Amino acid sequence: MTMRAERSGLLKYRELAQMREFIDHEWGFADEFDGPTFLWDPAISTCARHDDALRADVPVAPADEAEQIIERPMRWYLDGVAAAAPGARCDADGVEVPRADMPSFRLESQALAGVDAVVANATASSRWLDGTRNLCRAIELTARFLGMCEDRNQEGLEYLKELLQITRIYLDAVARHADPGVGAQALRMVTDVACNEDFRLNPMPMIELLSCCLSFARYDDTCVHAYETLDTALASMDEMARRYGETADEDARFRSMIDDEYAFELADLSGLANDLYEASRSDSQPDRQDMELHAHYRFRQAVLLLRHDLMRMGGDVDGADALLREHATTSPLGDAYAARLIHVRRWNELLEFTSTMVADRSAPFLVMFPDELVPYDWESLEEVALQALDDRPRLRDLYRERVLSSFDEDEMPALTNLRHVSTNREWRDQVARIVEIYRHEGTHAVRNRVYERLLVMQGLRDEAMRYLDDFPDAWPDLAEIL
């Protein structure tokens, strides 16, 4: 920060003040980990500590009994569907009903009542391995059952998300209270479920379940088990993709499909889950290879969020920052890196980073900042860095270009800011340069409302008359100087 900036006071920059307020008070930085997290929510630990008072050293249902309790209402539901649907076929694995004849699944059917009972029994116990075992079985059977249903209203999917959250809360208590060896066994149970066939095609619930490991990353004696979870998941997904060859997901056909659909964007994980759910039930299903390579590709992106949070929560701050920077063109990692630099006031690094992103045509749009704070996307963050450094010459260049390229009245702050960072002499020079550039740009297709305002502010009647040759409908707005 320059001495000039300190003397003049940075709060005069409205954009900078608003951005600092947003980052410091609304972004939700986990100060405990010195930076942002994607998959970790402090509310998990809060809920786990609240539940500690409700848990006791009591037995849970034996594994076979828990499975019977879970499956019986599911079987009743499927038997009822089979009895009412023409063309239904039943076997030991479930029921097969034509899609058009399958009713929409509703939670009020109570088909998941057994899951509720087993989960409530497990989470009330501090016998960690038994409780985790039954939670894992509940997740497996729920996912399998929902795969047989038509969850058109996604009530089942929302139920599964809630079940995964309950499991994360319970595993947080396991990480905090259980012997490290017991915690490692419990985490391996969860990892095995996350890597089974029901989850590998859908990165959203898979990553959500794998995120149980984050609670273990917080403690020195269990952090290694958290990284084991990551390594196991990576190996499992890579093994699935290798069925089609070492570089199957890089062939031209697949790359074209991925680039057309996602184009540098890390899809919202919930949205991805819904997309894959719908695709798996569409009349024109993608073949197995496409589905598995799709899932592998998306997992490789989504797992970056998990790897980042593991580093951040395990104390590897530099490694977490390096990951964000290295993968900045995968949204929202670049957003988080910019926010991190703002949070710690590393303005020179922010300027260098955002200037690179502005110049990079492959850079994704910002997704984690409100539109009103970044109306010019990465250039708005570059502007904030320049304001923090009080780099007035570059700010004048920036605002002058905005004035010249404007066409909407919402862009009027560019003119105000240009005046704000200019002395009287600099302002006269800027006005002269803008008029000269505008005059020599040739024919303009649309009106420039900000330029019109400049002409009025400065009383530039001759330039206004030239402007009216191109846009006679601007007369009412320029009338006061004509």
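Let's start with burial: a residue is buried under 20% relative accessible area, exposed over 50% and partly exposed in between, using a 1.4 Å probe and protein chains only. The model here is predicted, so local features need pLDDT of at least 70 and side-chain atom pairs count only at pLDDT 80 or more, while totals for chains, interfaces and linings use all residues. Residues are numbered from 1 along each chain as its sequence is written, and side-chain values use heavy atoms, leaving out hydrogens and water.

Glu15 sits in helix H2 (residues 14-25); helices are DSSP runs of H or I, at least four residues, numbered from the N terminus. With a relative accessible area of 15%, Glu15 counts as buried. Beyond residues up to four places away in sequence, Glu15 touches Glu383, Val384, Gln387 and Asn417, where contact means heavy atoms within 4.5 Å.

Now hop over to H4 (residues 63-84). Among the buried residues of H4 are Ala66, Ile70, Pro73 and Met74.

Last stop is Ala295, in helix H15 (residues 288-313). Its relative accessible area is 1%, so Ala295 is buried. Leaving aside neighbours within four places in sequence, Ala295 is in contact with Arg200, Leu201, Pro203, Met237 and Met240. The C-alpha atoms of Ala295 and Asn202 are separated by 6.2 Å, although the two residues are 93 residues apart along the chain.

How values were computed. Helices (H or I, at least four residues) and strands (E, at least two) are DSSP runs, numbered from the N terminus.
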